[in-house]
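Subject: The structure you asked about

Hi,

Here is the structure, handed over as promised. Have a look at it first, and then read on for what turned up.

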Amino acid sequence: MQLQPVRPTAKASAHLFTGDVYLTPVYSGTGPSRMTVVLVRFTPAARTNWHSHAVGQTLHVTEGVGLVGTRDGTVLRIRAGDTVICPPGEEHWHGAAADTFMSHLAMFEAEPGGSDPTTWLEPVPDEGYRAANRIT
Ligand code: MN
C-alpha cells in the first residue's frame, strides 16, 4: 500500500479547453495498469474541446452542474453524483453549465501499446455551447 499526497493542480491548456479549467492528477498507472484518473474543475461556461478516447472514458461528477454533448446533438445535464460512460471513439465534449462550477473525476485507460488515448479536436463554439445550455 502506498499513500500518495495531494499532487499539484495545473491550469488546463487553452488549446484544448475554452475558459478556465484546473487539473489535479489523482492516479497515473504504471504497467500493468493503464489507468489515469484526473480531477477536473471547470469554472462556469468552461468546457473541453471536442475529443474522443480510444479506450473510452468514465466521468464521475463530484460537484456542481455540467453538460456533456455528442455529435448527434444529444446533450446531457450532469449533476454531482452522476456518472457518464463515454464509449471508445465517440466524439464528445464536457464542461460546466453556463452559470455554475462543475468538477468531475475523469477516468480513462491508455491503449495497450501505451500511446496517448485522447484525440483532441476543435473547440465548442460559443453559439453551440449556448444552444446546449438551452436544450436541457
Ligand atoms: Mn472526454
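Arginine 47 lies over the face of tyrosine 129, with 4.4 Å to the ring centre. There is another contact of this kind to look up: the charged end of arginine 71 sits over the ring of tryptophan 50, at 3.9 Å from its centre. Keep in mind throughout that this is a predicted model.

Tyr129 also takes us to helix α1, which spans residues 126–135 and has Tyr129, Ala132 and Asn133 as its buried residues. Those three cover an arc of only 100 degrees around the axis, so they end up on the same side of α1. Turn to the other side of α1 and you find Arg134 and Ile135, both exposed. And what covers the buried residues? Among the elements doing so are β5 (47–48), β7 (57–70), β8 (75–79) and β10 (92–96).

Two of those strands, β7 and β8, pair with each other in the antiparallel sense, over five bridges. One example is glycine 66, whose bridge partner in β8 is isoleucine 78. The two strands make a hairpin with four residues between them, and in the turn glycine 73 has a positive phi of about 95 degrees.

Now the metal. Which residues coordinate the manganese ion? They are His51, His53, His92 and His94, each through NE2, plus Gln57 through OE1, at distances of 2.1 to 2.2 Å. If you want to find them in the sequence, the donor spacing reads H-x1-H-x3-Q-x34-H-x1-H.

Last, the aromatics. There are three aromatic pairs in the structure. In one of them, the ring centres of phenylalanine 17 and tryptophan 120 are 5.5 Å apart and the planes are at 50 degrees, so the pair is tilted. This pair links distant parts of the chain: phenylalanine 17 belongs to strand β2 (residues 17–18) and tryptophan 120 to strand β12 (residues 118–120), 103 residues apart.

Cheers

Methods:
Residues numbered from 1 in each chain as written. Predicted model: local features only at pLDDT ≥ 70, side-chain atom pairs only at ≥ 80, totals over all residues. Heavy atoms only, no water. Buried < 20%, exposed > 50% of the residue type's maximum accessible area, 1.4 Å probe, protein only. Arc of directions from axis to C-beta. Contact = heavy atoms within 4.5 Å. Donors = N, O, S within 2.8 Å, 3.2 Å for Na, K, Ca; no water. Pairing = 2+ DSSP bridges. Phe/Tyr/Trp six-rings, centres within 6.5 Å; stacked < 30°, edge-to-face > 60°. Lys NZ or Arg CZ within 6 Å of the ring centre and 35° of its normal.
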